[in-house]
There are 2 protein chains.
Amino acid sequence: MNWCSPTMNLYPKFSFHQTYKSPSSKARIGQLVTPHGNVDTPAFIFCGTKATVKGVFPSQLRAAGTQIILSNTYHLMLQPGSHTVKQNGGLQKWTGWNGPMFTDSGGFQIFSLGHGSVAAEVKGQRNTQRPKTLLKIHEDGATFKSYLDGKVHKLTPESSIQVQKDLGADLIVVLDECTPFHVDKTYTASSLHRTHRWGKRSLQAFQDTSDESQALYGIIQGGIYEDLRKIGADFVNDQPFFAHAVGGSLGKNKSQMQDVVSYTMSLLDPSRPVHLLGIGGVEDIFHGVRQGIDTFDCVHPTRIARHGCALVNSDYLQYDSSHRKDHINLRNARFVHDTHPIDDQCPCETCHTLTRGYIHHLLKAHELLAMNALTLHNITFMNRLLNDVRDGIRSETLNTVEQRWVISRA
Amino acid sequence: MNWCSPTMNLYPKFSFHQTYKSPSSKARIGQLVTPHGNVDTPAFIFCGTKATVKGVFPSQLRAAGTQIILSNTYHLMLQPGSHTVKQNGGLQKWTGWNGPMFTDSGGFQIFSLGHGSVAAEVKGQRNTQRPKTLLKIHEDGATFKSYLDGKVHKLTPESSIQVQKDLGADLIVVLDECTPFHVDKTYTASSLHRTHRWGKRSLQAFQDTSDESQALYGIIQGGIYEDLRKIGADFVNDQPFFAHAVGGSLGKNKSQMQDVVSYTMSLLDPSRPVHLLGIGGVEDIFHGVRQGIDTFDCVHPTRIARHGCALVNSDYLQYDSSHRKDHINLRNARFVHDTHPIDDQCPCETCHTLTRGYIHHLLKAHELLAMNALTLHNITFMNRLLNDVRDGIRSETLNTVEQRWVISRA
């Protein structure tokens, strides 16, 4: 057993405890210790953008095996404002979740998103026009218009830390510029160095105000360029961050993303936990854990639930051997008379009590319960997946686990 | 103890067991026995219009103390169609509820509602233009256009029974014409007699096809006219219905509604259970149970939840002694920093884990969880209310119970 608390002075209430390291890959099993509870890693962090995982009670999250959720600084600083969250006792108490939480810096939404999918953006699938709400990036920070009322706001490394301190999540992140995929290397390099200056300012602001209740993640940028990723990795390794997050554009396709992640992971201090920002597809998770990624986040499981889709693993092929996606769309007419649960191996409330046919009806009738039921199933699916991934690492059967959970696209 | 199974031959699997009769009013405590379980009366029947109480899992309904729910024949015959429900095992199995259920005849929506509130209509508060979707009322039945696709459908006493048989609820209702408040006495009388002819046809269709799994309610119409209500009551008393439902326009205000209900109840066979259709305000329930009403239904608790409102009783006056409504609207800005639960005496998940301030945020941010949380609270509120009503009847303390649950409008 290897207890790692590399920066004991800054983070006395946090630790990352690696309990098993695979001899066959960089995969490891661990436990993130935070003031609001522990997180078994590798873990999936669910997105509760506006301080709620849409449609689900905290007790339902817990019952589904969830240990940690993420909220977005950008959304909460605009509504209801971080002061309001602070006055109501901080995120964990305010939401009734009372467990480990993670906030991002707010930068991702400001720099990269007008509207659209986080995952698509970092995977290079979106057009990369700067959002119209971004007014200016300058050395001090960035000015942008609120998506709610057009009011102009400014976010700096220091204000991002202050806002995240008010929100009170256990795990918080430095402000960085998330460079789009299509910008050139010169811009990416220049942005990377500014991100590092911002990283130092974030750390300073963090140290100046820390009450030891939070731990700070540094971010590695550098786009698809190996030499820049090396500079990014060296920077974070040298700074007293609690943990690291791999961010930014990861390439134009899954293969390039895997290359960037693998290369970046080869450079990072292995004693610190590593989060892969905005990535969490089932295939991506198997690749990521083999590179040593400890935590993932992605809106995909909860977002597709609200569009009528349930995640399935290869157990589903018994019903349709030609199926080639990670999900089924229950709006499809073929489910009208289907009296099976989504997955008879799934222990969630949805699979225990509702059939595909009934969920199909709920979707066609625009009924709220459809979204709740599918969200709960997809959350349970991801937690079961990560549980099996941990078991697979521990017993060196990760390939077998992968065969069950990944439906081949071929 | 008084076991009543007045029409043993038609309803061998059903009974209405009156366990206590108040010496001071017509209030009684009982148990409705159905093939899917028992219902303690007086009871509130929650509206699951399209075969779902919006946003709530069956397990959450049960945990909140719910024993019976109602679905609407009109909505389900149009979507997904009663054949689909039948093929999927019937309402109780299809929905995963597996408990007692009630369906109406479909007539109410066809005759009285374009869009709008059931409660407002029967209380005479709506304009009473016939809905544009109603094409014709004739001796055989009624033709109407689907609200979904404009397709023309016909509903007759026989087809309503057939549709309700396919849906499979335990308690079903004869087709009647629900006359609007503003029609004259001549029309009301003529409609009443047609409703009786339809009632006999419904009974015949029911008897011809019964497999003993359902019990049939007769309906008393007659509008606000005592002599017509008398004719309506005599009719149902004479027919082998399992139970009675008081329907139709109940007047232009609460006082007139109470008069119509009191008068009608004085005429009905006291051995049969009585349902008050579409009425279930907190005050109405106290008046109704004193007249001998056994079950109520109303969309109010679940509908106002989806508009941001939580039901409260007079315990709430400790926070705002000037409050004069049966609910609080959590969209109101005064709740931003409110760290109290809606009701600290309420055992629901919402009151146990979420504060008024957080629910306010969820509403302002258009978050799904707000609707789920408020629906669950309002369901729990109604079940607690009816539980206290039963206790109050049994212990002759109904006036004290009423003081706690009804917030005076004065």
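Strands, helices and a chain contact in a predicted model

Strand 9 (residues 142-145) of chain A and strand 10 of chain A are paired in the antiparallel sense, over 4 bridges. The model discussed here is predicted.

Student: In strand 10 of chain A, which residue is the bridge partner of A:T143?
Tutor: Strand 9 of chain A covers residues 142-145 and pairs with strand 10 of chain A in the antiparallel sense. In strand 10 of chain A, the bridge partner of A:T143 is A:K154.

Student: Which strands of chain A stand at the edges, each with a single partner strand?
Tutor: The open sheet is formed by 3 strands of chain A in the order 8-9-10, and the pairing is antiparallel. Each edge strand has a single partner strand, so one side of each is left without a neighbour in the sheet. The strands at the edges of chain A's sheet are strand 8 (134-137) and strand 10 (152-155).

Student: By how many degrees are neighbouring strands of this sheet turned against each other on average?
Tutor: The sheet in question is the open one of chain A with the order 8-9-10. With direction ignored, its neighbouring strands are turned against each other, on average, by 15 degrees.

Student: Are helix 7 of chain A and helix 8 of chain A parallel or oblique to each other?
Tutor: Helix 7 (residues 157-167) and helix 8 (residues 185-209) of chain A pack with their axes 8 Å apart, at an angle of about 40 degrees. Angles under 35 degrees would count as roughly parallel. Helix 7 of chain A and helix 8 of chain A are therefore oblique.

Student: How many nonpolar residues are there in the contact of helix 7 of chain A with helix 8 of chain A?
Tutor: Among the residues that meet here are A:I161 of helix 7 and A:W198 and A:F206 of helix 8 in chain A. Of the residues in this contact, 3 are polar and 3 are charged, while the number of nonpolar ones is 5.

Student: Which helix of chain A gives the most to the side of chain A that touches chain B?
Tutor: The contact takes 35 residues from chain A and 35 residues from chain B. Several helices of chain A each supply at least two residues to that side of chain A, including helix 1 (58-63) and helix 15 (368-394). The one that gives the most, with 5 residues, is helix 14 of chain A.

Student: What is the radius of gyration of chain A?
Tutor: The secondary structure of chain A comes to 16 helices and 17 strands. For its 410 residues the globule rule gives 22 Å, and the value for chain A is close to this, so chain A is as compact as a globular protein of that length. The radius of gyration of chain A is 21 Å.

Terms used. Residues are numbered from 1 along each chain as its sequence is written. Chains are lettered from A and ligands numbered from 1 in the order in which they are written. This is a predicted model: local features need pLDDT of at least 70, side-chain atom pairs count only at pLDDT 80 or more; totals for chains, interfaces and linings use all residues. Two residues are in contact if their C-beta atoms, placed from the backbone, lie within 7 Å. Two strands pair if DSSP finds at least two bridges between them. Axes are lines fitted to C-alpha atoms, for helices over the stretch in contact, and angles run from 0 to 180 degrees between N-to-C directions. Angles under 35 degrees count as roughly parallel, over 145 as roughly antiparallel, 65 to 115 as roughly perpendicular and the rest as oblique. Ala, Val, Leu, Ile, Met, Phe, Trp, Tyr, Cys and Pro count as nonpolar, Asp, Glu, Lys and Arg as charged, and the others, Gly among them, as polar. The radius of gyration is taken over C-alpha atoms; the globule rule is 2.2 Å times the number of residues to the power 0.38.
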